[in-house]
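Please look over the sequence and the model shown here before reading on.

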Amino acid sequence: MISTKHITEGLKSHPVLKHTPTLLKRWKGNQARLFNLTENHRKVQLKISEDRYKNDLSCLLISMHEPIKMNGPFDWDNSDIEIQFDDTHYKVIDTINQFEITCDSVSVVEKYNNQTKK
């Protein structure tokens, strides 16, 4: 299993996850909120920001495509996100806050003042 909490050769070569440990560390401790659960493309997004209720702030946006299983709160403080990959599915986890989503694919981007950076 590849995890963003453990820097291994598998993580360093993973096309999606290799850059996420730095991003997740940068946003650790901020507020989290699930939103944009869509039926047509089956996607749910997790926003990490200083204030989960304001939409115009910079944030880390984690998109989980084809979610399979969800467990946990819809919003929480003091986030500590980890992403795992087991050769089949991704898991977006916050162990401290008892949050977990299993999905087919994941993408992570930072948004600054309504601009997106990968």
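**Salt bridges and strand pairing**

Glu110 is buried, with a relative accessible area of 5%, where buried means under 20%, exposed over 50% and partly exposed in between, computed with a 1.4 Å probe on protein chains only. The model is predicted, and local features need pLDDT of at least 70, side-chain atom pairs count only at pLDDT 80 or more, and totals for chains, interfaces and linings use all residues. Residues are numbered from 1 along each chain as its sequence is written, and side-chain values use heavy atoms, with hydrogens and water left out.

The side chain of Glu110 meets that of Arg26 in a salt bridge of 2.7 Å, N to O, a salt bridge being a side-chain nitrogen of Lys or Arg within 4 Å of a carboxyl oxygen of Asp or Glu. This pair links distant parts of the chain, with Glu110 in strand β8 (residues 99–112) and Arg26 in helix α2 (residues 20–27), 84 residues apart; helices (H or I, at least four residues) and strands (E, at least two) are DSSP runs numbered from the N terminus. Arg26 is partly exposed, at 44% relative accessibility.

Strand β2 (residues 31–38) runs antiparallel to strand β3 (residues 43–49) and is joined to it by six bridges, given that two strands pair if DSSP finds at least two bridges between them. In the hairpin of β2 and β3, which has four residues between the strands, Arg42 takes a positive phi near 45°. Arg42 also forms a salt bridge with Glu66, the closest N and O atoms being 3.1 Å apart.
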